[in-house]
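Hi there,

Here is the structure I promised to pass on to you. Have a look at it first, and then read my notes on its charged side chains below.

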Amino acid sequence: MADQFKSGEPARSARQIFLLQRFRQEQDEDAPCLAITGSVRRQGDILSLQYRVSGDIGELVFSLPEGPGHRRHGLWQRSCFEVFFGIPGASRYWEINLAPNGDWNAYAFTGYREGMVEEAVICSI
């Protein structure tokens with residue numbers, strides 16, 4: 001099962017930068033004005049993600065780490081960063097949730113928001 005995460009291509013170390021957009025199109029007047037940028041880099045079997053939140057960060061409320069993070073279900077219902085991975089031309093994909101306090105989870109989907117199961121091959125982050 002771990003082979004599904006190997007691309008068969010030579011390892012790349014180029015960093016890719018991204019900018020996240022708000023999911024909802026309408027303006028929420030109570031929401032703080034924030035920008036979220038980040039980068040992703042793959043070096044061999046290691047994938048590194050970095051997120052940066054800027055703007056009115058004083059308005060944010062979240063739990064700080066109190067030790068090592070744990071695998072937890074439902075992080076998307078509170079505060080977490082998400083990253084999605086897929087295979088070109090395939091409907092299946094993976095979602096990783098990362099919370100500011102270090103908690104995390106990884107899911108496999110058979111299609112868009114369908115067939116969600118915890119991805120057992122990922123046992124730590």
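This is a predicted model: local features need pLDDT of at least 70, side-chain atom pairs count only at pLDDT 80 or more; totals for chains, interfaces and linings use all residues.

Side chains of opposite charge can pair when their charged atoms come close. There are two salt bridges in this structure.

One of them joins Arg71 to Glu118, with 3.7 Å between the closest N and O atoms. Arg71 sits in the loop between β3 and β4, while Glu118 belongs to strand β7, so this pair ties together parts that are 47 residues apart in sequence. Arg71 is also partly exposed, at a relative accessible area of 27%.

The other salt bridge is formed by Arg72 and Asp103, whose closest N and O atoms are 2.9 Å apart. This pair links distant parts of the chain, 31 residues apart: Arg72 is in the loop between β3 and β4, and Asp103 in the loop between β5 and β6. Arg72 is partly exposed, with 38% relative accessibility, whereas Asp103 is buried at 8%.

Now have a look at Glu119, in the segment after β7. Glu119 is buried but has no salt bridge, and the nearest side chain of opposite charge, Arg71, is 7.0 Å away. What does the side chain of Glu119 contact instead? It makes a polar contact of 2.8 Å with the side chain of Trp94, and the Glu119 side chain also reaches the backbone nitrogen of Val121 at 3.3 Å.

Enjoy exploring!

Best wishes

Technical notes
Residues are numbered from 1 along each chain as its sequence is written. Side-chain values use heavy atoms; hydrogens and water are left out. A salt bridge is a side-chain nitrogen of Lys or Arg within 4 Å of a carboxyl oxygen of Asp or Glu. Helices (H or I, at least four residues) and strands (E, at least two) are DSSP runs, numbered from the N terminus. Buried means under 20% relative accessible area, exposed over 50%, partly exposed in between (1.4 Å probe, protein chains only). Lys and Arg count as positive and Asp and Glu as negative; His and the chain ends are not counted. A polar contact is a pair of N or O atoms within 3.5 Å; within protein, one must be able to donate a hydrogen and the other to accept it, and residues adjacent in sequence count only if both atoms are side-chain atoms.
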